[in-house]
Amino acid sequence: MDSTHFYRDTWVEVDLDCILENVKRMKDFLPKEVQIMAVVKANAYGHGDVEVAKTALEAGATYLAVAFIDEAISLRRGGINEPILVLGASRPTDVKIAAENNVSLTIYSKDWLDEVVENYQGTTPLSLHLKLDTGMGRLGVKEKEEVEAIYNTIERNARLQLEGVFTHFATADEIVTSYFEQQYQNFVRMLEWIPKKPKMIHCGNSATGFRFPDKVFNVVRLGIGMYGMTPSLEIKDELPYQLEEAFSFHSKLVHVKQLVKGEKVSYGATFTADEDMWVGTVPVGYADGWVRKLQDTSVLIEGEYCQIIGRVCMDQFMVRLPRKLSVGAKVTLIGKQKENIITVDDVAKALETINYEVTCTISFRVPRIFLRNKRIIEVRNPLLRH
Ligand code: PMH
């Protein structure tokens, strides 16, 4: 028994061929000199970090990005040796572990860099990317004096290497481009503060790559587009090529029974059968990320939409069945069955959120199955990893 097994009929399928295609299409679409940095933070937006990273590299990505050092170490433990950038804030005291793992870190203030210089006694050179805040107001340096002081500190210290400089856009996925243009101009202006440019200059997320391929300098940090999802609904119609959604989510009916008119379903007994009806129990609940707000939305069984009735429980929910169906019938929460489909965007809409949040919140309790050529090549069940 190990992490390639699972004993519950609930799983996420990640079609790695979709990831491969999406990265290749972006690479073909961008000018030749532009590299792709595959953004695989948050367990590759819930898809599976190591598997997605390997596939993105196979498709031509040359760099990986994560949010935290732990995520970078997870990739290294998964056997990945390619360069990795930590986009988020790291503790200055953890710089040694980053250097030992050949992981690049983000400089986001002079104070942070000073603490790094003070703390880091190692001999391995530390690779750094300087984050400029051009209007996102999150991480990054804004003032010329601070940028210059950072630059001078790096110049004086042989163990510090400035590999890149970058920024992040707040509105690259919005139809109105004025704020994007303003941030872009800020970036161009701020780059002038750096006398000798590092080899990597990057500002583009997926939306920037799709819409402004001539404004990405020499790297695109590709996240959502790699997973085959649109950065926002408002730019969905102006994407330059088709995206292949890699993520689907499935389970099976574990119990089927008939309710007599007037009988109740789930906590609070809020659902009452309005007629004699068939009801099915699905072993997925809010602890899997299928949150209570999804009550009344639908799943697919035998290609038909079936409504979730009563409250979603921690590990189970109930559905109204069109007729008596068999225990073991496949239930698709996200994905296709026959000619019908529930997309990540459909679920996001029901939750009044964005597609990013949906795949990220399908919890670690749900095993991930990885497909190539429609066949299972790997299974990951973190519950059984010990
Ligand atoms: N670069 C940075 C710094 C990011 O934070 C992100 C995504 C990306 C690139 C990739 O963006 P994309 O997925 O739109 O291509 N970060 C986030 C975030 O912090 N919240 O949602 C997405």
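How many bridges join strand 2 to strand 3? Select residues 35–39 and residues 63–66 and you'll have both strands on screen: three bridges join them, and they run parallel. While you're there, find alanine 38, which stands opposite leucine 64 in strand 3.

Some housekeeping before you click on. This is a predicted model, in which local features need pLDDT of at least 70 and side-chain atom pairs count only at pLDDT 80 or more, while totals for chains, interfaces and linings use all residues. Residues are numbered from 1 along each chain as its sequence is written, and side-chain values use heavy atoms, with hydrogens and water left out. Helices (H or I, at least four residues) and strands (E, at least two) are DSSP runs, numbered from the N terminus. Two strands pair if DSSP finds at least two bridges between them.

**Stop 1: the barrel**

Now bring up strands 2-3-4-5-6-7-8-9, in that order: these eight close into a barrel with parallel pairing. From one strand to the next the twist averages 30°. Angles here run from 0 to 180 degrees between N-to-C directions, and axes are lines fitted to C-alpha atoms, for helices over the stretch in contact.

**Stop 2: helix 3 and its neighbours**

Select helix 1 (residues 16–29) and helix 3 (residues 49–58): their axes come within 8 Å and cross at roughly 40°. Helix 1 and helix 3 are therefore oblique to each other; angles under 35 degrees count as roughly parallel, over 145 as roughly antiparallel, 65 to 115 as roughly perpendicular and the rest as oblique. To see the contact (heavy atoms within 4.5 Å), show Leu16, Ile19, Leu20 and Val23 of helix 1 with Glu51, Val52, Thr55, Ala56 and Glu58 of helix 3. That set divides into six nonpolar, one polar and two charged residues. For those classes, Ala, Val, Leu, Ile, Met, Phe, Trp, Tyr, Cys and Pro count as nonpolar, Asp, Glu, Lys and Arg as charged, and the others, Gly among them, as polar.

Still in helix 1, click lysine 24. Lysine 24 is partly exposed, with a relative accessible area of 35%; buried means under 20%, exposed over 50%, and partly exposed in between (1.4 Å probe, protein chains only). Draw a C-alpha to C-alpha distance from lysine 24 to glutamate 58 and you get 9.4 Å, for residues 34 apart in sequence.

**Stop 3: strand 18**

Is strand 18 (residues 330–337) largely enclosed or open? Six of its eight residues are buried, so strand 18 is largely enclosed by the rest of the structure.

Try its partners one by one:

- Strand 10 (residues 247–252) pairs with strand 18 in the antiparallel sense over four bridges, and phenylalanine 249 stands opposite isoleucine 334.
- Strand 15 (residues 298–301) pairs with strand 18 in the antiparallel sense over two bridges, with isoleucine 301 partnering valine 331.
- Strand 19 (residues 340–342) runs antiparallel to strand 18, joined by three bridges; lysine 336 has isoleucine 341 as its bridge partner.

Finish on the hairpin of strand 18 and strand 19, with two residues between them, where lysine 338 in the turn has a positive phi of about 50°.
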